[in-house]
Amino acid sequence: MARGIYVSATTPGSGKSLVALGLADTLHRHADRIGFFKPVVHGPDANDDPMVALMKSRFALEDERCRGGLTHEEVRTLLAEGKRADIDARCVEIFAEISRHCDVVIVEGTDLTGQDAAVEFDLNARLANNLAAPVVAVVGAKGRTVAEAVAAVEVARKELSAEKCALLAIMVNRADPDDVEAIAAAVKPGASGRPVYVLAELEEIARPTTGEVAAALGVRQIAGRADMERDVKDIKVAAMNVGNFLNVLDEGALVIVPGDRADVMVACLASSFSPEFPVASALILTGGLAPDANIYPLLAQAPFPVFAAPEDTYTTARRVSEVRSEIWSGHRRKVASALGLWSRQVDEVELVERLHLPRAERMTPLRFLHDLIERARVQRRHVVLPEGTDVRILRAAEILHRRDVCDLTVLGPESDVRELAAARGIDLTGINVVDPATSDLRQKFAEQYAELRAHKGVDLAKALEIMQDVSYFGTMMVQLGVVDGMVSGAAHTTAHTIRPALEFVKTREGVKIVSSVFLMLMPDRVLVYGDCAVNPDPNVEQLADIALASAETAAQFGVEPRVAMLSYSTGGSGAGSAVDEVRQATELVRRRRPDLAVEGPIQYDAAVDASIAESKMPGSSVAGQATVFIFPDLNTGNNTYKAVQQSSGVVAVGPVLQGLRKPVNDLSRGCTVEDIVNTVAITAIQAQAPAS
């Protein structure tokens, strides 16, 4: 049976779901199969629980590995009838069913939020014991002094000990940020000597979103952008004239106003279109009053949602103030903030040591992508994103910052960038915004560029003009060490992105060509395909360069390089100029890297299938188990990676550029926010390697 870990609140409002999410993120990278079980859920359907849904979507868990148990009402009824054993039996049965498909199962206990908190504590302790699951106890510090939080930890220890529970860890959550260090210093380690981790209350998690408010109130959207992830940072009731109202309107405030106050509605819209004024997160029109018909076309242009509520203004305001934000709402920004906090405050290596998990054997796509984020954090780097007027770039930058992946600089006219961010509810706090046209660095960069390109007739005046281009400015930031890497291409061509790097970043010593690979995330492993994006028809030396660079990239991302130099022929079975070029390139690779496992020419089937390899190339250390595939030309490589991606559902990450002295990576113009996040993480990891 899989090992269970029981996450149990020891105080009401502890925020244990954040701990469950952080544990899942950690364990997912250290075990092949994780599961999630919530023994008691609120709502009429045990498997229609939002935390269950979040875990399923976040970690790609099938129904058999992620389930609810009994509803809260079912548990109350059974307790009232004195049938505690029935609760235990049913939960043990479901846990056993989940365990058959898992290596470790995270069990999230009840919230202790009702009048029967003592009964729930007892229920959690009994379930943990019956499931033979050690407890991760979560102590809520919100509203507590340092002394009170420390005392709550001691009480939790004593109560769980009295219940004969095995205590795996204690975590103090939702602490005042100013008290985190004091609590950590004052709290005593347990009998094991292991640390007690202290997590701060994060405003970005605690704030409700527009979608959460709309769902809680049951209001309907009548106009504006359907953006349900905007943070509600404040609540403003418009009960004064427009001039005074604008004076107190704050960025991200939810504005509650009677449906007949056209003046306030117009003022909110005008404010949102001016970079000097704040942008509301939403409007709620109250009293069941319909706005004047002439106002509707204006409201339709609102960059935020506009809702209609039937209740009066006072009732609506009271109900909005009671809306609680929950991490299980699934909003990626809240999840990013939670995981960023977890990574900063929890020593993952130390925590995993306590668990004695079986070693993970498979590298799934999700685990690989999660590993990228963690590896990027190991040595913090600084990445520049030149396309600051693309909303996808700004959303990705916010998520990267919340997850604490790396330092970021965004390029673009600052007023335009910040106006776009405000209009879309994106928080750029902590992210550097630089306008190349007005930056103090432009003169220095231009002087450097003029010196480097003097042989091409570039003078200072021309260089100053060129340095207004975000791609050139961003690349020069990389070249001069202001930042460590660059990611661009969401709004620019590949040529525009990499041309500056080819001009003055140049290739590493011993490398004559810039090339690319795609990291192909198979269901149980990662393969490397190169070159599928840059070089149309490489010659023998270039093909060898691509193979060597691809092997280095593979090793950098945890893939043991076994290089297959692909052709339409295997070994000596075929002839022709194309096969000869692959054969010559293979020999060149062997001379330059005698330690590298490489085979070629070899056909794709012989490279991946052990049985075919046995007949076509027996005894080879690469055939049948290749991990790095070098295509003879761009036509073959690009079509092959796309065919594999589209026909089998494989996740293709890239292109990852290689061969440059410093990392610059290109995005597809059709990239998603997730693509940008992954590419920035890859760039940060590349920047961790010593420059050559």
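Q: Among contacts between residues at least 6 apart in sequence, what share joins residues at least 24 apart?
A: In this predicted model, 74% of the contacts between residues at least 6 apart in sequence join residues that are at least 24 apart.

Q: And how much of the protein is buried?
A: Buried residues make up 56% of the 692 residues in the protein.

Q: How many helices and strands are there?
A: The secondary structure of the protein comes to 28 helices and 23 strands. With a radius of gyration of 29 Å, close to the 26 Å that the globule rule gives for 692 residues, the protein is therefore as compact as a globular protein of that length.

Q: What box do the C-alpha atoms fill?
A: Taken along the principal axes, the box filled by the C-alpha atoms is roughly 80 × 65 × 50 Å.

Q: OK, moving inside, which residues touch the most other members of the largest nonpolar core?
A: The largest nonpolar core has 64 residues, and those touching the most other members are Leu385, Leu408, Leu519, Val563, Met565 and Val680.

Q: Let's take Leu519, what is it in contact with?
A: If neighbours within four places in sequence are left aside, Leu519 is in contact with Phe368, Val526, Leu527, Val528, Phe557, Val651, Ala652, Val653, Val656 and Ile682. Apart from this core lies another one of 41 residues, and Leu70, Cys91, Ala149 and Ile170 are among them.

Q: Switching to pockets, what volume does the largest one have?
A: The volume of the largest pocket is about 1,000 Å³. It is lined by 40 residues, of which Val673, Glu674, Asp675, Val677 and Asn678 are the closest to its centre.

Q: Which helices and strands supply at least two residues of that lining?
A: At least two lining residues come from each of helix 2 (50-59), helix 14 (332-345), helix 16 (365-378), helix 27 (634-648), strand 22 (651-658) and helix 28 (673-688).

Q: What lines the largest cavity?
A: Its lining is made up of Lys38, Val40, His42, His72, Thr110, Asp111 and Glu120, and these residues divide into 1 nonpolar, 3 polar and 3 charged.

Note on methods:
Residues are numbered from 1 along each chain as its sequence is written. This is a predicted model: local features need pLDDT of at least 70, side-chain atom pairs count only at pLDDT 80 or more; totals for chains, interfaces and linings use all residues. Side-chain values use heavy atoms; hydrogens and water are left out. On a 1 Å grid over the protein atoms alone, a cavity is a set of points where a 1.4 Å probe fits but cannot get out, and a pocket is an open set with protein on both sides within 12 Å along at least five of seven lines; lining residues have an atom within 4 Å of a point. Ala, Val, Leu, Ile, Met, Phe, Trp, Tyr, Cys and Pro count as nonpolar, Asp, Glu, Lys and Arg as charged, and the others, Gly among them, as polar. Grid points are joined across faces, edges and corners, and a volume is the space filled by probe spheres set on the points. Helices (H or I, at least four residues) and strands (E, at least two) are DSSP runs, numbered from the N terminus. A nonpolar core is a set of buried Ala, Val, Leu, Ile, Met, Phe, Trp, Tyr and Cys residues joined through side-chain atoms within 4.5 Å. Buried means under 20% relative accessible area, exposed over 50%, partly exposed in between (1.4 Å probe, protein chains only). Contact means heavy atoms within 4.5 Å. The radius of gyration is taken over C-alpha atoms; the globule rule is 2.2 Å times the number of residues to the power 0.38.
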